[in-house]
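This report covers one protein chain. The sequence and the structure come first, followed by notes grouped by topic.

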Amino acid sequence: MITCFIRYELDPFGKDAFADYARNWGEAIPRCGVDLIGYFAPHEGSATTAYGVYNIESLAAYEAYRQRLAQDPLGQENYRFASRERFILREDRIFLKNVSLPHAPVVKR
């Protein structure tokens, strides 16, 4: 299992549009077979950095998923929405593997 972290640089006036974009992916991405962890928008600190995070089995599975997402009607509309509204200034992806597993149970005090 690998985790894809997508780092977005946003127009600071486009946070509401990004939230709509993220909610759309919240429907389309799982429907296309990927374990979406979530989309995270600015809250405190930077007003322009956001993230999307999901787990996927492999890079080969990622390529197949991207093809399914490109054919998904909501996925297509979301790509058009982002292109039209231009609230995403930059987007970078990195694939990481969790090497700290298994974790100990959380100790609540």
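## Aromatic cluster

Tyr 8, Phe 18, Tyr 21, Trp 25, Tyr 39, Tyr 79, Phe 81 and Phe 87 belong to one aromatic cluster. Rings of Phe, Tyr and Trp (for Trp the six-membered ring) are paired if their centres lie within 6.5 Å; planes under 30 degrees apart are called stacked, over 60 edge-to-face, and the rest tilted. By this rule there are 13 aromatic pairs. In the pair of Tyr 21 and Trp 25, the ring centres are 5.6 Å apart and the planes stand at 80 degrees, so the pair is edge-to-face. Tyr 21 and Trp 25 are four residues apart in helix H1 (residues 15-31), and about one helical turn separates them.

Both residues are buried: Tyr 21 has a relative accessible area of 4%, and Trp 25 has 2%. Buried stands for under 20% relative accessible area, exposed for over 50%, and partly exposed for values in between, with a 1.4 Å probe and protein chains only.

## Basis of the values

The model is predicted: local features need pLDDT of at least 70, side-chain atom pairs count only at pLDDT 80 or more, and totals for chains, interfaces and linings use all residues. Residues are numbered from 1 along each chain as its sequence is written, and side-chain values use heavy atoms, with hydrogens and water left out.

## Overall layout

The chain has three helices and four strands, and from the N terminus its elements follow the order β-α-β-β-α-α-β. Helices (H or I, at least four residues) and strands (E, at least two) are DSSP runs, numbered from the N terminus. Of the 109 residues of the chain, 34% count as buried. Taken along the principal axes, the C-alpha atoms fill a box of roughly 45 × 35 × 20 Å.

## The sheet

The four strands of an open sheet are arranged in the order S2-S3-S1-S4, and their pairing is antiparallel. Strands S2 (35-40) and S4 are at the edges with a single partner strand each, so one side of each has no neighbour in the sheet. On average, neighbouring strands of this sheet are turned by 15 degrees against each other, direction ignored.

Strand S1 (residues 2-10) and S4 run antiparallel and are joined by eight bridges. For two strands to pair, DSSP must find at least two bridges between them. Tyr 8, a member of the aromatic cluster, has Glu 91 in S4 as its bridge partner.

## Salt bridges

Side chains of opposite charge can pair when their charged atoms come close. A salt bridge is taken here as a side-chain nitrogen of Lys or Arg within 4 Å of a carboxyl oxygen of Asp or Glu. The count under this rule is seven salt bridges. One of them joins the side chains of Arg 31 and Asp 72, at 2.9 Å from N to O. Arg 31 lies in helix H1 and Asp 72 in the loop between helix H2 (59-71) and helix H3 (73-85), so the pair ties together parts that are 41 residues apart in sequence. Asp 72 is buried, at 7% relative accessibility. Arg 31 also has its C-alpha atom 8.7 Å from that of Leu 69, and these two residues are 38 apart along the chain. Leu 69 is located in helix H2 and is buried, at 2%.

Asp 92 and Arg 90 form another salt bridge, with 2.9 Å between the closest N and O atoms. Asp 92 is partly exposed at 30%, as is Arg 90 at 47%. Glu 91 and Arg 93 are also joined by a salt bridge, at 2.9 Å from N to O. Glu 91 is partly exposed at 33%, and Arg 93 is partly exposed at 31%. Salt bridges with shared partners link Glu 77, Arg 80, Arg 84 and Glu 85 into one network.

## Nonpolar surface patch

Phe 5, Ile 94 and Leu 96 make a nonpolar surface patch of about 240 Å². Patches consist of residues with over 30% relative accessible area and no salt bridge; like charges are joined within 9 Å and nonpolar side chains (Val, Leu, Ile, Met, Phe, Trp, Tyr) within 5 Å. Accessible areas come from the Shrake-Rupley method with a 1.4 Å probe, and for residues only the protein chains shown count as cover. Leu 96 belongs to strand S4 (residues 88-96) and is partly exposed, with a relative accessible area of 39%.

Note on methods. Axes fitted to C-alpha atoms, helices over the stretch in contact; angles between N-to-C directions.
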